Amino acid sequence: MSTAAGVRQHSARDLQAYGRRYGIDYRVPALASREEEPVVRGEVRELSLGQGMELVASDVEVLHRYDSHSHAPSPLSIVVMLEGCADVSLEGRTLTLTPGMALSLRLDARHGLRATQPAGQRLRALTLSLSETRLAELGPAQPGHDGSRMHAWRPPSSLLQGLEQALTTPLPAPAQRLLFEGLGLQLVAFGLPQDTLDDANASRLPPREQRRLERVRAALEDDPAAEHSLSALAELAAMSPASLRRKFRAAFGMSVFDYLRDCRLGLAHDYLSRGFSVQQAAHFCGYRHATNFATAFRRRYGVPPSSLTNAT
């Protein structure tokens, strides 16, 4: 098992070098002409598990927002978000990865995954990649499909705990390889149901219903501090509350109110970065109690909201 690790600063130039190895284009909007300035600070470990399995483990502080666009085909990749968040989109479908979520991906050469990592957060994530040969060895051959696919899901808590423990427990290299390979196989078992990535019906909705759901999403994004109710949002979508709950999750990978929470926290992040206090940010984004707001903020961004006010 080969590893590349180290707690250090990674510049835009470093990200570009990493991207050339993995077929990813990186862009740092705030550092267009300053390629040597740090973008993230922390540790990135690249683990070769053998037999067509590769694992990248990241534990970094995001200093500047950065965007990525993958353009290399991948038969199967699984991303697990342990801490922090990222906005991802593929072929017009957009969702936010939050702690405890996983994303299974099949990418072709034409449609790559786009992702945005906001600044001011601790980002801990794992990415498992399998070759076509290794994937074929693990189960029946999947029917071929053109186009890329993504499927958001939640790993069992026992698997998440196992990943956390593996990342923090020092072991000899052979034992560590066996541990991560076993955990990787569990990720594949849960992240690749027989029809998950190959059945387009699982995540595709009729255009008319998609437009109705977009109205709901726009209402949440336009005024996240408002007291949104499920019944009012269902009326906006011309659906029953039960249908809205089910179809919103199918379209965006999370529940209506999880999405609202993320909109509120994103708004609060903006207020904090502009110099407002924690109490003000909590009030302006719809939280009645600053303590509840602080807990939710740390869970999403990996840092307390006070760390942003202290930095201004």
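Because the model is predicted, local features need pLDDT of at least 70 and side-chain atom pairs count only at pLDDT 80 or more, while totals for chains, interfaces and linings use all residues. Residues are numbered from 1 along each chain as its sequence is written, and side-chain values use heavy atoms, with hydrogens and water left out.

Val79 stands opposite Leu103, and Arg106 stands opposite Arg149 in β12.

Met101 is found in the loop between β8 and β9, and is buried with a relative accessible area of 2%. Its C-alpha atom is separated by 6.1 Å from that of Val80, a residue 21 places away along the chain. Not counting residues up to four places away in sequence, Met101 touches a set that includes Val79, Val80, Thr96, Trp153 and Gly253, where contact means heavy atoms within 4.5 Å.

Gly253, one of those contacts of Met101, comes just after helix α7 and takes a positive phi of about 80 degrees. Helix α7 itself, residues 241-252, has 12 residues and reaches 16 Å from its first C-alpha to its last, close to the 16 Å expected, that expectation being 1.5 Å times one less than the number of residues. Within α7, the buried residues are Ser243, Leu244, Lys247, Phe248, Ala251 and Phe252. Seen down the axis of α7, these buried residues fall within an arc of 120 degrees, so they line one face of the helix; the arc is that of the directions from the helix axis to the C-beta atoms. What covers them includes β8 (93-97), α5 (207-222), α6 (230-237) and α8 (256-273). In the loop between α6 and α7 lies Ala238, whose phi is near 55 degrees, a positive value in a residue other than glycine. Most residues other than glycine have a negative phi.

The charged side chains complete the picture, with a count of 17 salt bridges, each being a side-chain nitrogen of Lys or Arg within 4 Å of a carboxyl oxygen of Asp or Glu. In one of them, Arg21 pairs with Glu46, the closest N and O atoms being 2.8 Å apart. This pair links distant parts of the chain, since Arg21 is in helix α1 (residues 12-22) and Glu46 is in strand β3 (residues 38-50), 25 residues apart. Arg21 is exposed at a relative accessible area of 52%, whereas Glu46 is buried at 17%. Arg261 forms a salt bridge with Asp262 at 3.3 Å between the closest N and O atoms; here Arg261 is partly exposed at 26% and Asp262 is buried at 5%.

Conventions: Helices (H or I, at least four residues) and strands (E, at least two) are DSSP runs, numbered from the N terminus. Buried means under 20% relative accessible area, exposed over 50%, partly exposed in between (1.4 Å probe, protein chains only). Two strands pair if DSSP finds at least two bridges between them.
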